[in-house]
Amino acid sequence: MRTYGDLFRAPEFTPLFAASAVQTMASTVSGLALGTLVYAATRSPLLSALSMFGASFAQVIGATALMSAADRLPPRAALTALAAAFGVGTAVMAIPGLPVWALFAVLFGLGLIASLGGGVRFGLLNEILPRQGYLLGRSVLNMSVGITQIVGFALGGLLVNALSPQGTLLAAAILDLAAALIAYMGLARRPARASGRPSVAATWRNNVRLWSSAPRRYVYLALWVPNGLIVGCEALFVPYAPEHAGLLFALAAFGMLTGDVLIGRFVPARWRERLAAPLRLLLAVPYLIFILRPGLPLAAVAITLASIGYAASLLLQERLVALTPADVRGQALGLHSSGMMTMQGVGAALAGALAQYTSPSLAMSAMAAASVLVTVCLAPGLRPDRSGEEEIATSAVR
């Protein structure tokens, strides 16, 4: 499976792609509306950042208590129910006059149930596609995130100005419900990947086994921490440039899309391993320029260039799949997704708190420097060790 045509001819990939894209559009539109709403009400960079990314904190609870459900629930039913729940929750946040604490309470609940989404979706992707098609399929899903975020931030900015933040949230709720309908109508009914009932004990047992492998542990840390710190930079776009935040978010999505296209489709396999480390550094280094508080043109170039570095995650995810037995790949990928979202929340909180007492530009450059430091420290543990990968991937995790 080497071309996009091959990919979209695979049964069920198109509805999975479409449902994912529509739900990403919904979360993008609602995130911008919430960030604008909370910043207008509080004038707080910290609360604005948390309103856009803080729900990720709840995902750590899902990762430690609920994640076994990612392999133990029928995928179609799970994806449909999750999208519908997001639609209802987003509609609740659109109620006029809802206190800020109530907004955050709803966000926490949505973050908790969202912890299952990545595991179910990416586990299903492994079932739909052959193993050699996973990186291409994952890159296309990432590309859909980039494209829909570009459109979503532009659309969200227009809707916030034309309607109101609350009206924009209602539009996002409709998109969530549309994603639920696409998943229900387009995906086939298939059984759960693993037997048994979801439980906290099963989640903990498999998480401990997944974390006990040193190669997987380094991959998880590289997927979570550097990216989360850079998302902290992105969480400050609203206070850094209130009038142009939508443009900066769209450029970040465009950079991510460019990286995913290049790595997923055009870079030969023999070059991918060599590019992994440079891409991880590229993600952070351009943000160091924000210590000079650059104007909009230079800031836009730095953000676009840095976001190409998100493509390093594709290579790390491919390695994670190779290191993980098939019967728990849903939970392994769900743990990656939840850990990533949790670290995005941590990054947003750290960046917002730092900006609260210094400035958005200084906070962004500090978060970038921390990301570079973590990437350098993790590099020795990410050197390929193929002698152990086959043994790890074929060992059963129960």
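This is a predicted model: local features need pLDDT of at least 70, side-chain atom pairs count only at pLDDT 80 or more; totals for chains, interfaces and linings use all residues.
**Exercise 1. Where is arginine 293 found?**

*Solution.* 
- Step 1: Look between helix 14 and helix 15; arginine 293 sits in the loop there.
- Step 2: Check its backbone angle. Phi of arginine 293 is near 45°, a positive value in a residue other than glycine.
- Step 3: Most residues other than glycine have a negative phi.

**Exercise 2. Find glutamate 12 and decide: is it buried or exposed?**

*Solution.* 
- Step 1: Locate the residue. Glutamate 12 belongs to the loop between helix 1 (4–9) and helix 2 (13–42).
- Step 2: Read its phi, which is positive at about 75° although glutamate 12 is not a glycine.
- Step 3: Compare its accessibility with the cut-off. Buried means under 20% relative accessible area. Glutamate 12 has 14%, so it is buried.

**Exercise 3. Describe helix 15: its span, its buried residues and what covers them.**

*Solution.* 
- Step 1: Take the span. Helix 15 covers residues 296–308, which is 13 residues, and runs 19 Å from first C-alpha to last. That is close to the 18 Å expected at 1.5 Å a residue.
- Step 2: Pick out the buried residues of helix 15: Ala299, Ala300, Ala302, Ile303, Thr304, Ala306 and Ser307.
- Step 3: Look for the cover over these buried residues. It includes helix 11 (214–234), helix 12 (237–240), helix 13 (245–266) and helix 14 (269–282).

**Exercise 4. Now step back: how many helices and strands are in the chain?**

*Solution.* 
- Step 1: Count the elements. The chain has 19 helices and 0 strands.
- Step 2: Compare its radius of gyration with the globule rule. The value is 20 Å, close to the 21 Å that the rule gives for 398 residues, so the chain is as compact as a globular protein of that length.
- Step 3: Consider its extent. Along the principal axes, the C-alpha atoms fill a box of roughly 50 × 40 × 40 Å.
- Step 4: Turn to the interior and the contacts. Buried residues make up 57% of the 398 residues. Of the contacts between residues at least 6 apart in sequence, 86% join residues at least 24 apart.
- Step 5: The chain exposes about 16,000 Å², with 69% of it supplied by carbon and sulfur atoms.

Key
Residues are numbered from 1 along each chain as its sequence is written. Side-chain values use heavy atoms; hydrogens and water are left out. Helices (H or I, at least four residues) and strands (E, at least two) are DSSP runs, numbered from the N terminus. The expected span of a helix is 1.5 Å times one less than its number of residues. Buried means under 20% relative accessible area, exposed over 50%, partly exposed in between (1.4 Å probe, protein chains only). Contact means heavy atoms within 4.5 Å. The radius of gyration is taken over C-alpha atoms; the globule rule is 2.2 Å times the number of residues to the power 0.38. Accessible areas come from the Shrake-Rupley method with a 1.4 Å probe; for residues, only the protein chains shown count as cover.
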